[in-house]
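Dear colleague,

Please find the structure below, handed over for your study.

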Amino acid sequence: MKKEWIKVNSKKGQLTIFVIVAIIIVFIIAGFLLLNKNSDIPSLKENPSGYIKASVDKCTKEAIEEAEKVIIKNAGFIEQDNPWIFNLTSYELLCDSSGKNNLCTNNHPMLIVETQNQIKEYIAPKINACFETIKSSLRNYKYQSESNEINVMIVDKEIRTEIKKDLVIEVNEQKVNIESFNVKISSPLYKFIYLTNRIINQELDCNCGEESCNADLVNLMRYNREFEIIKPVYGMNGEEVFTITEINSGKQFVFAIRNCAY
Amino acid sequence: MLTKNIKNIFAIFLFLFLIGIVSSEGCCFSPSSGMCSMNAESASCLTNEGEFFASPSCSESVCDLGCCVLGGNTEFVTSRTCELNSRVYGFDYNWQLMDETSCMALRKGGQQGACLFGGDYEKNCKITTLDKCSSGDFYPNLTCTDSSLNTICEETTKTACYEENVWSLDSCGNVDKQKQVCDYNAGFMCSKKSNIEAYCKDLNCNMADIPSTPLGRFLWKPVSEAGGTLVILVSGATGATIYGPDGKIIERGRSTGPSNGYDDTIRFRKKGSSYPRGSFVLTGGSRCYIKDPSARITTCAPLPAGINIPIANGETWCVGSTSVGGRFYKQTCINGKIETEPCADMRAEICDQNEEGGECIMNDWASCALANDDEVDSDTNSKVDTAACSEIFCNVWEPEFELEPITGILGDPVEPNEAVTEAANLLVTDLHLEMCVPKYPGGQQFWTATNSEGICSSGNYEATLYLDHDEGCGYWRLAMESDTGTYINQDTKWGYAALVDLGSPQITDLANYYWLLSFSVWRPANCEHYGLSPVRDNPLLTVLTGMGGNSATTVASRLNANEDIPDEAVLEMLDERCAALGDCAGKANWVGEDGIAESDSDFTCAMDARADHVKCEFEYECASWRAPSSGECGLCGVGGLQCSEYRCRALGQNCEYIEEREACVTTSDRSAPKITLESREPASDPIPPYTAAKFVISTNEMSECKFNLDSSGGRYSEMKYNFGKDFGTTHEILLNLPGQGKADEDTLAYALMKEGEHTLYVRCLDARGNGEAMTPFQIKFSVMQDPDKIPPVIQSFTPVSGSAIKFNTTEKNIRFKINEPSECRWELSDKEYALMNNSFSCDTAITDAGVLGGYYCSGILTNITTNLSQQTRFYIRCKDQPWLADNETILYKRNTNTQSTNYILRASQEFKITEVSPVGEIFLKNNENLSVELKAFTSGGGFNGKSICKWRLSDSLNFDGKGYTLFLTTGTASHNQKLNNIREGIHYVHVQCEDESGNIQDSFTSFTLSIDRTSPIISKIYEKFGKIIVKTNENAVCYVSNDEKVKCAFNSENATRMEGSEQNHETEWVFDKNYFIRCKDYYGNDNPNNCNIIARTY
């Protein structure tokens, strides 16, 4: 049976196809090499310590970034604790009032600690999976490890993670001993929480029922110009939604309060 | 063990008890961050290792905010936060107690410089501070592009925001030079326009940016021009400013709050002898042109576009009204944008406009009712406890009777008589209509059956009047009470007289001109008491005149039948008071539409128990407000003013609020939103290349919209892109062009437009879900072709470059393919296109054939060398887009080859047909398919004999009418064709060959075809060297047999083939044998069963 999947009318045409195929192969190889080069992960055989640290670093950063994406929408939580649903959207009420003309109670005064714990809980299984992957890639080598401890710290402009894990690997008679991994990503989370704290405090510095309780957002923005703070949503019962946006990155931290309910 | 577990369980319960049951609010201090949280929940604080203080306001010193100096930066934080952050960034702890403004003033950049690292000669570089340049060489106050540093970083045109100013960036991504200072205090802030461009953004807003809001009718009313002050009352806004024609502020009005149902009283100072005349711009952006001061009431229009009235960054103001559904909003200009913050709905808060701006404050309107007593206080002669009537939230509403000017008998205007007005007001005062009413009455849920009745019913009014017949004097008199002893005309007490008649101007009696009161204090001599007796045209007089002695029943029935009782002016006052109480009858809604509820009044008289008394009862009922039967529900939420059920319901009884969508919809709405294209930028069609296009559509109701580009899609939910982000009536998108980055922060990642015609298919879904399967709204537009910036490309030549031309010629007609329509020229030397003199004939327009198969030029090249050892080089250049000749623009220009395409031609050798076969006689077998192989060979020419050859046959030398046939195999120097079914005889052959150079050569030959039908003949047989030698007259194969039985009838299989070939054959000589020999020629002719020869050896 005659195959007709390529119809070549002349030798010149065949040559052209060969040239194109050759170019594609060259590009694929070049791309592969380039991607490998860009991965920034050192070779296991040449630099086992660097290989493991870079792998953990990459894995942890991805996990923290994922966590950050979720929690800034939920006012510092992976899953909302006290949601208020409005216009088909759910907002976390960080400060909630129980009765008419009552000041709201700050339910999360230690928000930064709670958020650190939330991140830690979120990234822990992912980091464990990461170590499992590393372990399987080292199956031909000696690999010993002890259970790890993860600490997350939210500081100004950064989220820092320390993974304490005793790891001993022998690669080509080279013994590597790693005790901890320190990974950090840039993040406005600290400032988000700082501003949230100040907004709630200002809303609470008020005599409910006697005066209108509003944080001075204009001044907060004046002194924190890299952030924009708006109240895009108002509920019928004293609910207010705040959105803090880091102007450069566009990242938004969203939370709600229900203060001085009518 | 068990004991230990019990202890643990007990401890857990104790803990849960402590955090769960004894949980309280206080101040929570976080030692790990240094932050303090007011009114914090103790349980949450303690479980997360916070320190808890009883004072909810965080008055502890650890919570004091102060200034933390971190290098050149400062932060307004607690001392603990400062301590932690100093540790994180390696700074010395430096915290001072001060206010935030002072702290921010301390901010300064740390000494920065170029940090050089890596490389032996050209180094990499980063701008940083000395403490962060530990591994490099630090050069303070130098940038990375400083020539003395010799770094790899170069200056670029890119800019970015750095330390709040615009700086250029170097090629290494460092800030390089300060390009622009953005002074925040002057209203500018650095902002990113794109990833490579920053600018000082104007943070001020423009009045025109304030969304047009349907706050209702904007009315103004000059109340008085006394005291050098023009007073106007406005509805629908608080605050106003007068702007001159140039947009500059002439005067800001002094706002003093609502009055008599208007939302604000604004006073303007008198300028010299006249009052300011200009455009009154009400806060909120609506503007009134006072064209006719005597008109007194003017409807204002929204601020016209294009008028630039700046609003300073940070400035706040109020908008809102006390109409039904009205709500107050605080608007703020923040960094160039206008943010709207609603005060609490139903006017639980109002916006207080003061010199510092606007602010939402509590509105304790409900307390005003507490200041109203049922009884008249004998000391104050008022039903209002003025001390309890809050000056902040309430007004004492007092009726005021105002006489309208009348036209005198001579047609001239006659001003009201002050004495009469005073007397009338004295009558009104005795009605005791005064009431403490809210300045900004709160909203009521008027849509529920009884919700607002309580508020409005306080505006009800009742009065009982008695008509007493004085037997002594025979007149009916108005009495206050049913007993005979008290009449209302005592001293200054007038009782309910005003109810019955405040009177009307009397112009018939000039003597008593304007003595409108139809009562007179009257006691005839024979009457026992003074009485207020109806006189002249008083309706009572009409009813009662001559009624002396009539029965009370008759009097009462006549009174009830009289339409002028009670007095219209009093009813108007009661209506006004009713409307001032809240959402009661007589008010308009927030878009200016009147409600349909009307207050009711009743006046009935009946005979009293005493025969000489008629008892009349007056009742006024202040009704709850009812929305118009139908309204434009979609207005709710427009202009960024948040919708609510209260606002929605006020629009009309057909409006329903859907809380989940915060939308006000028509209850009977079954229609998809109607979409209108509002604008497109740029408006030109087609859209110029490299331009993002902004589309703004509006919908007739609140909705959310989606679109597809160039595909209609099936349903709303299947559409790909959101048309804007919001659920509203205005929707906006910005479409980008390929390769174009995000224009600014507002740009969404929508589909990219390519050149050509496009259609946006838009569907919108309203709050009720109408629109899911609507016919999509189509927006057609086209995008201009991208400017062609690439010169044309010559793709192939015929003949190919390097070809030889026809032997012994010097010209050649060539053709070449180009990628686009162009004009092309050639020269024998390399020149610019414009200087070339020889043109080709080219395809100059885009055609379907051209798009598919390309475009071509052709022309004759001359002066080609005939020297075989040389070649002639031609230089060809082309210029594209011939249609732009004499019509080029900055954007669209023709592109010309800046380099020539070389084309070479050379001379060719003489072209020859070197051989044609067959020639001469050809023998073929008998009964065989008669075919011959026609062959031709060529040499020379332009391609070493490579040519195309064709042939034709003829029976004679005359080839007329004989057509050519291409050789089956041709195109090289050897050409073949098998000729089948050729007849015997002579055939004349004409072969013609032509090479690509145009060389043509002919060759004529002939051959004769014969068929061999005779068997071979042995011409000689003899012995030689022990072999029998046989010779045949033609080529043959011979067989020999010695079988005496079959003799000559042998089969070749049973015989021996004689050695040799063609005409010579031999076999072994064996003594005394008979040799039976049979031969067969090459064409198969033999003598079956007959020998050619029988020979015997001896």
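Predicted model: local features only at pLDDT ≥ 70, side-chain atom pairs only at ≥ 80, totals over all residues.

Residues are numbered from 1 along each chain as its sequence is written, chains are lettered from A and ligands numbered from 1 in the order in which they are written, and side-chain values use heavy atoms, with hydrogens and water left out.

Strand S10 of chain A covers residues 252-258, and six of its seven residues are buried, so the strand is largely enclosed by the rest of the structure. Here "buried" means under 20% relative accessible area, "exposed" over 50% and "partly exposed" in between (1.4 Å probe, protein chains only). Helices (H or I, at least four residues) and strands (E, at least two) are DSSP runs, numbered from the N terminus. Strand S2 of chain A (residues 89-96) runs parallel to S10(A) and is joined to it by three bridges; two strands pair if DSSP finds at least two bridges between them. Strand S9 of chain A (residues 239-246) pairs with S10(A) in the antiparallel sense over seven bridges, and A:Phe242 stands opposite A:Phe255 of S10(A). S9(A) and S10(A) form a hairpin with five residues between them, and A:Gly250 in the turn has a positive phi of about 80 degrees.

The interface of chains A and B

How many residues of each chain are in contact? Contact means heavy atoms within 4.5 Å, and 56 residues of chain B are in contact with 49 residues of chain A. The two chains bury about 4600 Å² between them, 53% of it on carbon and sulfur atoms; buried area is the accessible area (1.4 Å probe) that two parts lose on being put together, summed over both.

There are four salt bridges between chain B and chain A, a salt bridge being a side-chain nitrogen of Lys or Arg within 4 Å of a carboxyl oxygen of Asp or Glu. One of them joins the side chains of B:Glu100 and A:Arg198 (2.7 Å, N to O). Strand S2 of chain B (residues 36-41) gives the largest share of the side of chain B that touches chain A, with six residues.

A:Asn197 is found in helix H4 of chain A and is buried, with a relative accessible area of 12%. Not counting residues up to four places away in sequence, A:Asn197 touches B:Met35, B:Cys36 and B:Ser37.

Chain B

Chain B has 12 helices and 74 strands, and buried residues make up 47% of its 1098 residues. In helix H3 of chain B (residues 79-89), the buried residues include B:Thr81, B:Cys82 and B:Leu84. What covers the buried residues of H3(B) includes helix H4 (189-204) of chain A. Just after H3(B), B:Gly90 takes a positive phi of about 75 degrees.

Chain B also holds an open sheet of four strands in the order S70-S69-S73-S74, with antiparallel pairing. Its edge strands are S70 (1056-1057) and S74 (1093-1096), each of which pairs on one side only.

With kind regards
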